[in-house]
Amino acid sequence: MLSKIRQTVEDRGNQHVGLLAEYSDPGALVEAVEGLREKGYTRLDTFSPFPIHGMDRAMGLPVSKLGFMVFVGAVLGGLLGVFLQWWTSAGPQPNWWPSELNQFLGYPINISNKPLFAWESSVPIIFELTILFSALTAVGGMLALNGLPKPYNPLFHSDRFGRATDDAFFVHVSSRDTAFDPATTAADLHGLGATSVEYVDHDGATSVGNTAEAGASAVVPAHADTPAAPPPHTTGDI
């Protein structure tokens, strides 16, 4: 079990080994992503201080599964609310209900000879559990679909990346992308208007020049072809 957790953390870290490019504004970032998609790149991720309209379409992201997950959670919560109140009130049992289980039912209380269970009086609890399960599913589903929590990310090695929550706009191309090549991808990013490009791995961040202009003098790490293994401290505390 522990080895599987470590492998999961390692895989999550390796998927963020690659090139990180900064762009000047949201429009430039959207255009860069569209350009990268046209060039055949598919393993992209973007980072910005706020949601950018049209970015989902530019990245080719499918419709989120979160809505369906929340709907399922809401239905389960509503059904649980019905069952909970029927069970605790020892309401009328259907024909298929085993009589042996009657001893495990709740506490039937006769109030003015009213029915032990009525859906009209059960609505508030059904509503509350529907909302509760919807909210919990939304939060849990969001964390799961985003691969969170993620206490370690190679992108944290980049000093520029800290501005992603302030005033900077980034796109990351994973080294696992089938179209990824350190020199070619760096040139593509510069050609699409990047103000800076860095190669980021577990050892740190290295600035990469425009290979189209600088030729062989551009700084491309020699180890950029394959992701480096994460340092021991990234998984040792698990």
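Modeller: Let us start from a pair of residues: T46 stands opposite V171 in strand 3, and T46 itself lies in strand 2. Helices (H or I, at least four residues) and strands (E, at least two) are DSSP runs, numbered from the N terminus. This is a predicted model, in which local features need pLDDT of at least 70, side-chain atom pairs count only at pLDDT 80 or more, and totals for chains, interfaces and linings use all residues.

Biologist: In what sense do strand 2 and strand 3 pair, and over how many bridges?

Modeller: Two strands pair if DSSP finds at least two bridges between them. Here strand 2 and strand 3 pair in the antiparallel sense, over 4 bridges.

Biologist: In what order do the strands of the sheet stand?

Modeller: The open sheet has 5 strands in the order 2-3-1-4-5, with antiparallel pairing. Strand 2 and strand 5 (204-207) each have a single partner strand and stand at the edges, so one side of each has no neighbour in the sheet. On average, neighbouring strands are turned by 25 degrees against each other, direction ignored. Axes are lines fitted to C-alpha atoms, for helices over the stretch in contact, and angles run from 0 to 180 degrees between N-to-C directions.

Biologist: Which strands does helix 2 touch?

Modeller: Contact means heavy atoms within 4.5 Å. Helix 2 packs on the sheet and touches strand 1, strand 2 and strand 3, its direction making about 20 degrees with that of strand 3. Helix 6 (182-191) lies across strand 1, strand 3 and strand 4 (196-201), at about 10 degrees to strand 1.

Biologist: Is T46 buried or exposed?

Modeller: Buried means under 20% relative accessible area, exposed over 50%, and partly exposed in between (1.4 Å probe, protein chains only). T46 has a relative accessible area of 18%, so T46 counts as buried. Beyond its neighbours within four places in sequence, T46 is in contact with L29, V33, M55, M59, F170 and V171. L29 and V33 are among the buried residues of helix 2. Elements covering the buried residues of helix 2 include strand 2, helix 3 (55-59) and strand 3.

Biologist: What lies at the start of helix 2, and what follows helix 2?

Modeller: A polar contact is a pair of N or O atoms within 3.5 Å; within protein, one must be able to donate a hydrogen and the other to accept it, and residues adjacent in sequence count only if both atoms are side-chain atoms. At the start of helix 2, a side-chain oxygen of D25 comes within 3.0 Å of the backbone nitrogen of G27. G40 follows helix 2, with a positive phi near 100 degrees.

Key: Residues numbered from 1 in each chain as written. Heavy atoms only, no water.
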